[in-house]
Each structure stands twice: as C-alpha cells, then as structure tokens.
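Trainee: Please take me through the side-chain pairings in this protein, up close and step by step. I'd like to know which residues meet and where they sit.

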Amino acid sequence: MKAVTWHGKRDVRVDTVPDPVLKEPEDVIVKVTSSGICGSDLHLYEVLGPFLTEGDILGHEPMGVVEEVGSQVTNLTPGDRVVIPFNVSCNHCFMCEQGLQSQCETTQVREHGSGAALFGYTKLYGQVPGGQAEYLRVPFGNSLPIKVPDGPPDDRFVYLSDVLPTAWQAVEYADVKEGGTVAVLGLGPIGDMACRVALQRNARVIGIDLVPERLARAKARGVETIDLRGAGKRLTEVVLDLTNGRGPDAVIDAVGMEAHGAPVGKIAQQLTGLLPDTMAQKLMKEAGVDRLKALYSAIDMVRRGGTISIVGVYGGMADPMPMLTLFDKQVQLRMGQANVWRWVPEILPLLTDEDPLGTQDFATHRLPLEEAPQAYETFQKKNDGMVKVLLKP
C-alpha cells in the first residue's frame, strides 16, 4: 500500500509499504478514505525527529470503511463506516472508565512514562503505524472505532478523530460560562474549532493569530480578532482594553511549541537536531526546549481567578514557569491530550444537517495522498491559506 512516511527533518515521503494484517482477535483493518494532517504532525516534521525511526508511518486523523475483522470482533462488520480516535484506548480499563482515554492503562507507554499510545506518532507514544495511508490496522475493534452513518461526506465526521474532541475538551477545561469571555491564542485547526465550540455555547470569543487567512476565517464566524502583527508586545494591553481592564475569564493556548518569538527556545529546539538521537532525546525529555511566548501571554492576560486551558503541545520537561504570577493571580491550569471517546456522545448530535460547527467546509485543502510532502511543507510555512488538509488515499 501507499503511506506517508518520515525520513528526517522536513522530509516526508509517500512510500510503498507492506499492507497491515490482523494480529489480534479484536483487530480490524480499515480502508482509509480521509486522513487529516494535524498541527502536531508538524512537530514530527520539525522538532521531534529524535523519537522517530526512518520509515515510520504518520497520521492520526483517519476515517474509512472496515475491510476485515478479527475473529472476536462482534460490533463491526466489513463495510461499516468508522472514524478512528487518535489515542489507542481499550475503553474498559480504570482510566478509560473515568473518561481518561488518553491515559489508557492498557496502552500506556511505560518505557517512557507516557500516557496512552497514539496512532502515527513517536517512540514516546508507542510508535504505532499511522493513518496517512491506504489501510490501517486498528486494535480494540469492539470499542475503539466510532461507527458513523453512511450518506454525509467524510468531512462531516472525520474531525471526530482529533480536531473536534480536542477543541471540545479545550473549551470544557476553560470552563467559560454562558456570556463569559474566552481568548483563543492561535487560530490553526484546533484554535479555530475551539472558537466555534465556544461560540456555539454563547461565549464571547477573542481570537488571536498573525496569519491573515486564519483571522479572516474566525472573524467570518463572529469571533473578535486581534492581529498579532499589529498588537505585538502590546497584546496583553489590547486584550485588557477589550475586557474592561480585567482580562478574559479564560484563555485557550492552542499554539504550544510552535509559538513565534522566544529566540532562546528556538535555539534549543534547533540544537536537538544537531545531536545524536540518544543525546537529543535526553535533552528534550529533561530540558526546557519550548518556545513559551504564547503561554506567557496567556498567563499575563487571563483575569485574576481565571482559567488557562492548554491544548497546544509542549515538549520540554524543565520549561521555566512564572509560579509567583500564577499563584498571585489564582490562575487555574488545565491541560492534556484529548480523551476522544469521553466527548463523542456530546459532539455527535451536532454533526447534523444544520452543521452548527461548520465541519463540512472546515478543510481548506483536499489532496490526494501522493501530494502529502508538498502539503506538509505548505502547512508548515502557513502558505496558500492552508488551515486544514484532508488527504484522500
């Protein structure tokens, strides 16, 4: 089959690789019909190479049609249409029963002290072959795949794999009451969808970015936007001016380690790429290598007693945190990988003919799998108005 594979920093290719096969009685094989490129895939493209092996299959936002089922699969049959959550979770262990599928005890990567395994990610998360491919082996066939109806296009459901539950959890963790104000830092796919979810809950939403196309998308849906290029170092002051000098009730950091600015963090990230893998892994796991401009901005602008919801991925273990400010302002921090199945029952009713979250026109680009290398480059450079890409195997 054809699959998108990692070969080095900024080097992904479409290779011919062996087809996946059933290994366990509850496995299913899915013929992939759509697969997204996620902002966190760019971390693999740019930063996290020390934890990858050449030839790893990328992608954790797939959906498709069941092709083959294992001998103990009773909830699916060939021909069923399914979305595959990005976290590999059993849905019956202690953590899964608490709604913490991202901490699944069955698939935790204990070798690295990490949570549940993820499709198409690094050694830190199990190095499970991903879904930017023609076929995907999916474990826990009775409990992991999300069965969706035939009829509506893939765009209506594919974001259940990651974007929708991640944005939903970000807003849940922000805990903004109806009529409250939330600022969203970063209007990439997750930030954009978080704005839509917050608006759907009747919150006032302030979206912050520096890419004109992203700002325009958010503004068209009713988000108050701030162009970071104009606000610059005055960003907190601008936000305070919009919120009676108090600050928003919550801030969602949807940027993470890809933040602009913070040159020291950028140098640390680049340094890891010059080291042998074992040394780079140690540096990234034990040192602060993130560019924390977005998080510092969130801490500065949130109102006293407010909440910061961190959904952007950070990778450093010793990043400096302004603990005095956090304590003095009585700020609550919530964060973590999305627990996909925890939110699916709440999200599914919104994927209706009315499509209140605008899933059907959310993708800016739909491309054949063969064009994945160019898509990664364009997405990383934020060119061509690219916000969300769906690959079509």
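Mentor: Let's get our bearings before we zoom in: 55% of the 393 residues in the protein chain count as buried (under 20% relative accessible area; over 50% is exposed and anything in between is partly exposed, using a 1.4 Å probe and protein chains only). Keep in mind that this is a predicted model, where local features need pLDDT of at least 70 and side-chain atom pairs count only at pLDDT 80 or more, while totals for chains, interfaces and linings use all residues. Residues are numbered from 1 along each chain as its sequence is written, and side-chain values use heavy atoms, with hydrogens and water left out.

The chain has 13 helices and 15 strands (DSSP runs numbered from the N terminus: H or I of at least four residues for helices, E of at least two for strands). Look at contacts (heavy atoms within 4.5 Å) with a separation of 6 or more, and 72% of them join residues 24 or more positions apart. Keep that in mind as we go through the pairs.

Salt bridges come first. Side chains of opposite charge can pair when their charged atoms come close. The rule used here asks for a side-chain nitrogen of Lys or Arg within 4 Å of a carboxyl oxygen of Asp or Glu, and it gives 19 salt bridges.

One of them joins aspartate 27 to arginine 137, with the closest N and O atoms 2.7 Å apart. These two come from distant parts of the chain: aspartate 27 is in the loop between strands S2 (11-16) and S3 (28-37), arginine 137 is in strand S6 (residues 135-138), and 110 residues separate them. Is aspartate 27 buried or exposed? It counts as buried, because its relative accessibility is 1%. Arginine 137, at 25%, counts as partly exposed.

Next, find arginine 366 and aspartate 155, whose side chains meet in a salt bridge at 2.7 Å, N to O. Arginine 366 lies in strand S14 and aspartate 155 in the loop between S7 and H3, so this pair ties together parts that are 211 residues apart in sequence. Aspartate 155 is buried, with a relative accessible area of 5%, whereas arginine 366 is partly exposed at 40%.

Now for a bridge within one element. Glutamate 346 pairs with arginine 342, the closest N and O atoms being 3.0 Å apart. Both residues lie in helix H12, four residues apart, which is about one turn of the helix. Glutamate 346 counts as partly exposed at 33% relative accessibility, and arginine 342 is partly exposed too, at 34%. There's also a network: Lys9, Arg10 and Glu46 are joined by salt bridges that share partners.

On to the rings. A pair of aromatic rings is described by the distance of the centres and the angle of the planes. Here the count comes to three pairs (rings of Phe, Tyr and Trp, taking its six-membered ring, with centres within 6.5 Å; planes under 30 degrees apart are stacked, over 60 edge-to-face, the rest tilted). One of the pairs is tyrosine 121 with tyrosine 125, edge-to-face at 6.5 Å centre to centre and 65° between the planes. Tyrosine 121 counts as buried at 8% relative accessibility, but tyrosine 125 is partly exposed at 21%.

Tyrosine 159 and phenylalanine 362 are also edge-to-face, with 5.2 Å between centres and 75° between planes. This pair links distant parts of the chain: tyrosine 159 sits in the loop between strand S7 (146-147) and H3, phenylalanine 362 in the loop between helix H12 (340-347) and strand S14 (365-368), 203 residues apart. Both residues are buried.

Last stop: alanine 3, found in strand S1 (residues 2-8). Alanine 3 is buried, with a relative accessible area of 0%. Leaving out residues up to four places away in sequence, alanine 3 touches Arg13, Val14, Asp15, Val17, Ile57, Gln132, Ala133 and Leu369.
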